[in-house]
Amino acid sequence: MNVVEKAASPLDALARKKRKKEKTKPAAEKSRQVKPQSFDIDFERMDELGHFNPANLASPLAMELRAVKRRLLRRLGFLRAAGDRQAFRMPGRQRNLVLVTSTQAGEGKTFCAVNLALSLALEDLVETVLIDADIPRPKVRSRFGLDRGAGLTDCLTDKTPWESLAHKAKDGPLTILGEGHSRDRTAELFAGEACQQLLTEISTANRDGLVFIDAPPALAMTDAVVLAKYVDEVIFVVEANETPEPAIAAALDELLDVNPNVSLVLNRCLIGATGSSYSSYDYYGRNDENGADKHTEKETGNGDP
Ligand SMILES: Nc1ncnc2c1ncn2[C@@H]1O[C@H](COP(=O)(O)OP(=O)(O)OP(=O)(O)O)[C@@H](O)[C@H]1O
Ligand SMILES: [Mg+2]
């Protein structure tokens with residue numbers, strides 16, 4: 001060995017050590033090194049689908065979403081009643097995971113999740129992640145015109161870093177994680193430790209923002225109830241004059257068993273002279289010792305968040 005080789009050998013050893021360390025790094029750490037793909041939000045398409053458009057902040061939808069957001073942000077500790085953002089969040093603690101579900105298909109879960117995510121990211125500039133956890137009927141990617149591909153299920157089965165499969169909007173702080181490849185027995189997949197770890201990781205990576213999970217209907221399959229265990233708030237969408245009351249009661253029963261923080265959004269309700277089609281936000285919780293449901297608040301309106 002000559003002098004140069006000798007001098008280089010400690011560096012080689014260091015490089016070898018670094019490579020070995022890289023290989024053994026946990027998936028969570030690796031994920032921070034990969035960048036999501038970027039995409040442009042197609043606002044024309046969003047308009048056609050009746051979604052939130054930041055160019056039209058005076059639209060009834062934008063105003064209705066403001067009322068829903070304000071309540072949600074307050075419940076999660078992002079807002080004081082007076083409206084100061086993040087004034088009293090606990091340091092080092094995230095309360096930012098929100099699951100969106102309903103009793104059955106077609107009641108507006110994806111519509112609600114997409115609009116809340118769009119309006120928080122583009123109007124309030126809150127860092128927002130939207131995850132499609134409705135594996136049998138995924139719709140989030142198609143709303144954004146994104147191609148199907150690997151996503152949530154692949155993060156859970158292959159430990160693929162979530163950021164490498166996510167899509168980040170160029171127009172604002174919005175990240176989409178699609179559903180991923182189709183899988184059977186998704187409830188089992190969601191019940192596993194990997195799912196809780198992944199959601200904690202996404203929640204922590206998005207410390208000052210919100211994470212929405214678009215889930216399947218709670219009565220059709222158990223996925224939503226399994227996922228409800230991990231989140232800070234469940235938004236339960238009810239379609240006005242459509243969702244049967246016994247179905248609402250049955251689904252709420254299941255959800256409240258695992259998470260007391262269930263809020264209710266009444267979708268497609270026609271209120272007042274403006275014929276508002278969306279909004280109305282109620283809270284349900286089992287606050288008493290006997291486990292009786294307690295209905296505590298109700299709001300319909302257009303206040304600022
Ligand atoms: N308030 C609303 N205003 C206008 N269109 C709406 C509204 N709510 C839902 N829609 C439309 O109704 C259809 C069904 O809504 P959506 O896909 O959000 O339901 P879902 O509960 O997610 O259904 P699934 O269980 O099949 O995933 C969509 O085309 C959606 O854009
Ligand atoms: Mg849906």
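**View 1. Buried residues of helix 10 in the predicted model.** C195, L198, L199, E201, I202 and S203 of helix 10 are buried (20 or more other C-beta atoms within 10 Å of the residue's own, with C-beta atoms placed from the backbone). Helix 10 covers residues 193-205; helices here are DSSP runs of H or I with at least four residues, strands are runs of E with at least two, and both are numbered from the N terminus. At 1.5 Å a residue its 13 residues should span 18 Å, which agrees with the 18 Å between its end C-alpha atoms (expected span: 1.5 Å times one less than the number of residues).

**View 2. Packing of helix 4 against helix 5.** The axes of helix 4 (residues 60-76) and helix 5 lie 10 Å apart at an angle of about 90° (lines fitted to C-alpha atoms over the stretch in contact, angles running from 0 to 180 degrees between N-to-C directions). The two helices are therefore roughly perpendicular (65 to 115 degrees). L61, A62, L65, V68 and K69 of helix 4 meet N115, L116, S119 and L120 of helix 5 (contact: C-beta atoms, placed from the backbone, within 7 Å).

**View 3. The shell around ligand 1.** Among the 18 residues around ligand 1, A105, G108, K109, T110 and F111 come nearest (a residue is near if its C-beta atom, placed from the backbone, lies within 6 Å). Helix 5 (109-122), strand 8 (262-271) and strand 9 (276-285) each supply at least two shell residues; helix 5 gives the most, with three.

Residues are numbered from 1 along each chain as its sequence is written, with chains lettered from A and ligands numbered from 1 in the order in which they are written. In this predicted model local features need pLDDT of at least 70 and side-chain atom pairs count only at pLDDT 80 or more, while totals for chains, interfaces and linings use all residues.

How values were computed. Buried ≥ 20, exposed ≤ 12 C-beta atoms within 10 Å, placed from the backbone. Parallel < 35°, antiparallel > 145°, perpendicular 65-115°, else oblique. Contact = placed C-beta atoms within 7 Å.
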